[in-house]
Amino acid sequence: MLDDKLVVHMIDTALGQLKYSYTPYSGFKVGAALLADNGKIYTGCNIENAAYTPSNCAERTAFFKAVSEGITKFKAICIVGGKDGVVTEYTPPCGVCRQVMMEFCNPETFQVILAVDDRRYHMYRLKELLPHGFGPFNLE
């Protein structure tokens, strides 16, 4: 379980990523803060493309940054988002991002924090967001 101080730090970090989002088409900005097992936080923002499908979510940006540095074990991620960077609702991860999480995270213990601010947030285990997910353990 994550302590409250760390959760607030992750929320603040994710909110700080909103300013880096590249969203000229939808205007919906998303920021993420990914906590690795080693305690380091990797950040991400969403990056759109005119063709839409090559766009990349904030969560995947954070995961891919970490994996590109050799980090493949994670404890938690915080996700925030809103139109024009104004966070008013919770922003859950898309299906593709949930599948990426299944590749690198234990669905029983990995925490997903959905936040509006440091007072309004919900925490879920990955298993709750993807109850019958397919991951590397299915191929053993």
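**Aromatic pairs and helix packing**

At 47% relative accessibility, Tyr52 counts as partly exposed, because the partly exposed class lies between the buried limit of under 20% and the exposed limit of over 50%. The model is predicted, and a search of the whole structure finds 5 aromatic pairs in it.

**The Tyr25–Tyr52 pair**
- Tyr52 forms an edge-to-face aromatic pair with Tyr25, at 6.1 Å centre to centre and with 65° between the planes.
- This pair links distant parts of the chain, 27 residues apart, since Tyr25 lies in the loop between α1 (4-17) and β1 (28-36) and Tyr52 in the loop between β2 (41-45) and α2.
- Tyr25 is also partly exposed, with a relative accessible area of 41%.

- Phe74 is buried, at 6% relative accessible area, whereas Phe104, at 24%, counts as partly exposed.
- One aromatic cluster is formed by Phe63, Phe74, Phe104 and Phe110.

**Packing of α2 and α3**
- Helix α2 (residues 58-68) packs with helix α3 (residues 95-104) at an angle of about 30°, and their axes are 9 Å apart; the two are therefore roughly parallel to each other.
- The contact involves Glu59, Arg60, Phe63, Phe64 and Val67 of α2, together with Val96, Cys97, Val100, Met101 and Phe104 of α3.
- By class, this contact has 8 nonpolar, no polar and 2 charged residues.

How values were computed
Residues are numbered from 1 along each chain as its sequence is written. This is a predicted model: local features need pLDDT of at least 70, side-chain atom pairs count only at pLDDT 80 or more; totals for chains, interfaces and linings use all residues. Side-chain values use heavy atoms; hydrogens and water are left out. Axes are lines fitted to C-alpha atoms, for helices over the stretch in contact, and angles run from 0 to 180 degrees between N-to-C directions. Helices (H or I, at least four residues) and strands (E, at least two) are DSSP runs, numbered from the N terminus. Angles under 35 degrees count as roughly parallel, over 145 as roughly antiparallel, 65 to 115 as roughly perpendicular and the rest as oblique. Contact means heavy atoms within 4.5 Å. Ala, Val, Leu, Ile, Met, Phe, Trp, Tyr, Cys and Pro count as nonpolar, Asp, Glu, Lys and Arg as charged, and the others, Gly among them, as polar. Rings of Phe, Tyr and Trp (its six-membered ring) pair if their centres lie within 6.5 Å; planes under 30 degrees apart count as stacked, over 60 as edge-to-face and the rest as tilted. Buried means under 20% relative accessible area, exposed over 50%, partly exposed in between (1.4 Å probe, protein chains only).
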